[in-house]
Amino acid sequence: MFRYLKKYWLYALLAPLFMIGEVLMDLVQPQLMSTIIDEGVLGLSNQNVGDLGLVIVTGLKMIGFVAIGGLCGVLCGVFTNICSQNFGNDMRKAAFRRVMALSFEQTDQFSTGSLVTRVTNDVTQIQNMVAQCIRGFVRNVMLFGGGIVCMLTLDLSFGVVVACAFPFLLICVVFFISRVNPLFSLLQKKLDRVNSVMQENVSGSRVVKAYVRENYEKERFGKANQDLVDTQLRILTIFSYMTPIMNIVLNLSVVAVIYTGSIRVQEGGVTPGNVMAAITYLSQILNSVMMFAMIFQTVSRGLASYKRLSEVLECEPVIADGETERVPAGGGMVEFKDVSFSYPGSRGESVLSHINLTIRPGETLAILGATGSGKSSLVNLIPRFYDATEGQVLVDGVDVKNYKLGKLRERVAVALQKSELFSVTIRENIRWGRDGASDQELREAASDAQAAEFIESKPEGYDTMVAEKGMSLSGGQKQRLSISRALLKKAEILIFDDSTSALDLKTEAKLYEALRTKYPDVTKIIIAQRIASVKGADRIAVLDNGRIAACDTHEKLMESCSIYQDIYRSQLKADSEPGVSGNETPADPAAVVTQ
Amino acid sequence: MADTNKQAPPQNVPMPGRRGPRGPMIVEKPKEGKKTLGRLLQYFEKEKGMVAGLLGIVVVLVACSVYAPRLQSEAIDRITDGQFSELPAVLIVMLILYGINGASTLIQSLLSAQLSQRIVKRMREDLFDKIVNLPIKYLDTHPHGDIMSRMTNDVENISGTVSQSLSSLVSGILTIIGTVFMMVWLCPQLALLSCVTVILTIFASSYLSRKMKLFFRKRQVLLGNLNGTVEEMVTGYKTVVAYNHQNKVVEEFEQTSDELTKVGIIAESFGGSMGPVMNVINNIGFVIIAAFGGYFAIHGIISIGVISAFIVYAKQFGRPINEIAQLYGQIQTAIAGAERVFSIMDEQEEDKSGERGMDGTKGVISFRNVNFSYVPGKQVLYDFNLDIYAGHKVALVGATGSGKTTVVNLLMRFYDIDSGEILIDGVNIKDIECAKLRASTAIVLQDTVLFSDTIRNNLKYSNPQASDEEMERAAKMSNCHRMITRLAKGYDTELTESGQNLSQGQRQLLSIARAFLADPKILILDEATSSVDTRTEQHIQDAMVNLMKDRTSVIIAHRLSTIRDADFIVVLDQGRIVETGNHEELIAKQGRYYELYMTQFAGNAI
């Protein structure tokens with residue numbers, strides 16, 4: 001943390017200095033007031049004859065001091081903000097930069113949501129902590145310490161009051177905080193529950209209505225709501241006791257100061273002005289104790305955030321650049337040599353084992369297999385989203401680990417099943433594929449991806465904004481946009497990671513036709529679930545439990561590969577077993593259609 | 001110069017993470033402020049007793065805080081005048097007053113906590129009741145995040161502000177009145193002078209907060225942008241990496257971040273200067289009081305104690321003015337929130353009219369000349385006619401957007417048709433009691449909806465009266481009994497939110513079992529297009545076949561086997577029926593179905 005603060009040490013130093021100035025002025029003020037009362041008004045040292053001149057002179061002095069104090073306070077605030085916000089900014093940038101450099105196994109571990117909170121929320125918490133420490137902490141130490149010193153210089157007897165009140169207040173603060181803190185996490189849970197019932201009802205409304213369970217849902221919500229309200233009330237009740245008790249302690253102390261003051265005035269030890277000053281100091285001291293409680297909370301939250309953030313900052317990307325500067329001329333050949341892979345942290349459960357596969361430049365290779373058979377894992381190894389556990393993955397004869405990451409990924413374009421779109425225009429989304437692509441190229445890519453038609457039918461065409469996470473688009477449209485993006489990249493290797501699953505087969509067929517005729521030199525690797533999608537590929541690799549069961553053309557596989565035949569049968573069941581439907585009777589009069 | 005309750009205004013419950021109003025909040029302007037406020041007050045009407053109690057306590061509190069400085073000044077006077085024997089009596093009164101003050105603060109806090117929670121609870125319930133009864137159309141056409149935020153943010157905001165501001169407002173006004181009264185009573189001349197401070201306070205605070213508002217609003221926008229960027233880029237990280245966009249993304253982020261910092265520093269610096277500036281003004285007021293007070297005291301017009309009391313009063317006077325100014329903004333924001341909440345509450349509820357029962361239904365469905373559009377002018381179904389006989393399986397086939405899902409929406413009365421009629425056993429569904437209609441029709445949707453509850457409750461969702469045996473039988477028929485019993489807690493396994501601890505296929509099986517348990521006469525199946533592995537796929541297929549036995553089934557079909565098994569196939573194209581018949585007939589016809597079949601199922605060569 002101090003690494004980041006170091007840059008702003010000057011501000012971090014100036015802020016408390018000005019703060020000291022401000023507090024000193026605050027502390028001087030009751031003294032001056034006491035002078036005004038005792039000397040100016042009462043004229044204690046002047047046979048009880050007041051001195052209005054003194055009142056005015058001291059008064060102006062006071063205003064001067066206060067103005068200086070105020071200026072110090074403003075400057076302290078400015079410097080604190082410069083320091084803490086720039087510090088927060090640096091941390092935020094460092095954190096985001098690091099997140100953008102992490103390898104997938106690491107982002108998987110953190111989970112998306114938690115990474116987002118760390119970069120946004122946690123940074124703010126740390127920033128608050130720094131600001132609080134620079135300003136609040138120093139201020140309160142000064143007020144507390146200075147207040148006690150000033151009070152004791154007025155008269156030692158006042159110290160007794162402080163000594164009695166202070167521990168009591170401290171115990172109160174600690175007690176309440178320790179009681180309330182655990183309730184907050186409980187409150188969060190109850191709140192989540194209410195939100196989740198609500199969410200389920202909003203997104204699952206069809207099911208609720210279809211089964212006529214509106215009343216049941218009301219009951220369920222009512223229970224969650226009651227729970228939340230109860231917890232909230234428990235917290236509020238505790239707080240309700242806190243404030244008056246604190247107030248009473250403070251007020252009792254005031255009474256005590258007046259009482260002891262009166263005794264000391266009788267003895268001639270102090271003046272009435274001193275008593276008034278003492279009351280001011282007292283409230284300053286006790287206030288600072290309560291402020292400490294708040295600072296303590298900010299700091300403990302900030303430290304927890306800092307711990308979470310440093311987990312990110314200290315996370316070194318596992319997958320780093322290779323050494324080779326020289327890039328082979330290319331063509332787009334991909335080779336898997338005895339490749340095995342298991343996800344990091346999965347205790348060695350291998351996803352791929354001993355894969356040997358060569359994909360020739362310009363070839364269309366389809367990969368077919370059940371969920372979990374390792375299809376995505378296999379293609380993830382090509383742009384080094386993950387590293388193979390054993391064996392080698394080669395692109396154009398060079399081990400992918402030897403490439404500079406940027407250079408390697410330039411050669412590979414991937415369209416994912418879950419198309420990730422960004423909330424910019426459609427044009428900009430596609431242009432992600434290649435900066436500087438012309439509109440002509442962009443339109444061509446879209447038309448090859450069978451997206452041009454629906455884009456152009458929109459009133460704003462390519463300038464249509466893609467709403468949050470592509471909400472305004474259908475699944476198939478999103479996939480076609482992400483395919484357009486991949487095509488625009490004009491990479492040597494094109495990977496469709498199940499990215500046509502939401503397209504109807506007619507559109508899919510047109511897309512593949514466009515790929516075949518317009519991108520003949522590109523190596524195409526296509527993951528799919530439907531046999532119909534992959535039939536036309538040059539070769540089909542059938543993955544089964546992380547092994548390549550077979551790799552051949554559709555016709556050959558139909559002859560020799562039993563797994564392939566199984567899949568074929570389950571998808572086109574009726575073709576091979578004409579009897580199952582049991583409904584060969586023609587023209588059932590049961591259903592009549594008129595148009 | 002003690003200030004009775006300066007350190008923590010009781011109205012402000014200190015919640016972690018919710019820091020006091022540093023800098024003004026972003027104030028939204030409500031459109032129909034008065035009307036909304038009126039409706040909001042209706043919520044308080046039911047808590048009349050509590051509101052009255054709260055107001056009563058506030059009066060006591062204000063009286064205490066107005067009178068306490070006077071007592072303090074008396075005590076100081078006793079010391080100054082050397083009347084020490086009279087001091088204890090004053091101190092005892094002070095103690096009593098502080099005791100009353102403490103007790104009232106406590107009661108006030110407890111009351112306002114109760115009040116706010118009661119109101120927020122009722123409001124949440126009302127809103128939820130409304131949402132449950134809204135037509136599907138509303139939920140389909142409004143972003144869910146927006147609806148959710150009305151429930152979470154707006155309701156919370158309203159209750160917090162309203163219950164807080166109620167006592168603050170009253171106590172603020174009363175304090176001002178009381179203080180002015182006391183000041184004038186003690187010394188009218190000094191009271192007049194104190195006004196200088198007050199005017200200065202108002203000027204300074206309104207100037208500063210106007211300045212601040214500008215920057216705080218700008219900061220809010222930038223912060224929103226920043227968070228949005230982070231969220232989007234982290235979620236879409238794979239794409240960022242795949243296209244080598246890391247550096248570009250980081251650069252953009254850093255630009256926003258730098259700008260945010262700049263604006264943030266200015267905004268916070270303005271916010272931070274509020275305190276010192278007020279401090280200076282307060283002290284100017286103090287000096288004025290001391291100087292003139294001293295002058296008056298020397299001339300014997302007032303006592304020393306009065307000066308000390310005035311100092312406290314002057315402070316007490318400025319605070320509620322600031323508070324009320326701030327409250328105004330808060331109240332505006334809350335009312336804007338309330339407007340959003342009420343706008344949902346004002347939505348028309350689902351039309352559930354109809355009285356006829358559906359006992360002994362056979363399940364004959366007829367569509368007669370049905371026209372329908374989701375949005376006026378964009379017709380989805382044109383003159384749609386279809387008869388489905390009891391116990392038959394009808395497959396709806398067609399491209400996306402051809403109107404398949406619409407047919408289902410209409411049959412369940414999720415939407416009402418524009419013209420024509422839909423009949424079940426010859427009865428118009430508009431005349432059938434909505435609950436009865438839906439209870440005798442079960443749907444299995446593409447996107448499986450499960451609730452965060454036990455598997456048992458999820459299955460029995462369709463039929464709460466079902467026995468455990470019936471439930472298990474349904475599970476067995478749907479091929480998921482074994483899968484469930486293999487889970488550590490079996491049927492009592494809690495599903496996480498939207499059932500994410502089960503695979504897609506398993507979730508589909510559960511939703512089939514749920515439909516089974518409903519034992520409906522009519523079944524609507526929306527086949528999932530999403531891909532599951534072959535074995536689960538087989539399980540699902542078999543379960544569906546089981547489920548369809550002896551029921552009138554309408555299937556939005558994607559799988560060839562389902563279509564081939566259907567008694568009757570309806571080919572839809574752009575809201576019109578283009579072909580009907582069974583598989584063989586339609587193949588023989590070599591029409592639209594044949595074309596569809598050849599491209600979609602037999603291969604991609606056309």
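**Note on the predicted two-chain model**

1. Just after helix α15 of chain A, residue A:K490 takes a positive phi of about 50 degrees.

2. Overall content, chain A. There are 20 helices and 10 strands in this chain. Chain A has 595 residues, and 49% of them count as buried. Taking the contacts in chain A between residues at least 6 apart in sequence, 75% join residues at least 24 apart.

3. Overall content, chain B. The secondary structure here comes to 19 helices and 10 strands. Chain B has 606 residues, with buried residues making up 50%. For contacts in chain B with a separation of 6 or more, residues 24 or more positions apart account for 80%.

4. Interface. On the chain B side, 139 residues are in contact with 143 residues of chain A. Helix α8(B) supplies the largest share of the chain B side, with 28 residues. By class, the side of chain B that touches chain A has 72 nonpolar, 46 polar and 21 charged residues. The size of an interface is often given as the accessible area lost when the parts come together; the description here rests on residue contacts instead.

5. Helix pair in chain B. Helix α8(B), residues 246–298, also packs with helix α6(B), residues 188–235: their axes come within 9 Å and cross at roughly 170 degrees. Angles over 145 degrees count as roughly antiparallel, and α6(B) and α8(B) are therefore roughly antiparallel to each other. The residues of the contact of α6(B) with α8(B) divide into 29 nonpolar, 14 polar and five charged.

6. Open sheet, chain A. Four strands of chain A form an open sheet in the order β2-β1-β4-β5, with antiparallel pairing. The edge strands are β2 (352–359) and β5 (398–399) of chain A, each pairing on one side only. Strand β4(A), residues 390–395, pairs with β5(A) in the antiparallel sense over two bridges. Within this pair, A:L394 has A:D399 in β5(A) as its bridge partner.

7. Open sheet, chain B. In chain B, too, four strands form an open sheet in the order β2-β1-β4-β5, and the pairing is antiparallel. At the edges are β2 (378–388) and β5 (427–428) of chain B, each of which pairs on one side only. Two bridges join β4(B), residues 419–424, to β5(B) in the antiparallel sense, and B:I424 has B:V427 in β5(B) as its bridge partner. Helix α10(B), residues 404–411, packs on the sheet and touches β1 (365–375), β2 and β4 of chain B. The direction of α10(B) makes about 110 degrees with that of β1(B).

8. Strand β6, chain A. Strand β6(A), residues 412–415, is covered on both faces. A:V412 and A:V414 lie on one side, A:A413 and A:A415 on the other, and all are buried. β6(A) pairs with β7(A), residues 493–497, in the parallel sense over four bridges. A:V412 has A:I493 in β7(A) as its bridge partner.

9. Strand β6, chain B. Both faces of β6(B), residues 441–444, are covered. B:T441 and B:I443 are buried on one side, and B:A442 and B:V444 are buried on the other. β6(B) and β7(B), residues 522–526, pair in the parallel sense over four bridges. B:V444 stands opposite B:L525 in β7(B).

10. A loop residue in chain A. A:T271 is found in the loop between α8 (214–267) and α9 (272–313) of chain A. Is A:T271 buried or exposed? The cut-off for a buried residue is 20 or more other C-beta atoms within 10 Å; A:T271 has 24 and is therefore buried. A:L154 is 117 residues away from A:T271 along the chain, yet their C-alpha atoms are separated by 9.2 Å.

Key. Residues numbered from 1 in each chain as written. Chains lettered and ligands numbered in written order. Predicted model: local features only at pLDDT ≥ 70, side-chain atom pairs only at ≥ 80, totals over all residues. Axes fitted to C-alpha atoms, helices over the stretch in contact; angles between N-to-C directions. Parallel < 35°, antiparallel > 145°, perpendicular 65-115°, else oblique. Nonpolar A, V, L, I, M, F, W, Y, C, P; charged D, E, K, R; others polar. Buried ≥ 20, exposed ≤ 12 C-beta atoms within 10 Å, placed from the backbone. Pairing = 2+ DSSP bridges. Contact = placed C-beta atoms within 7 Å.
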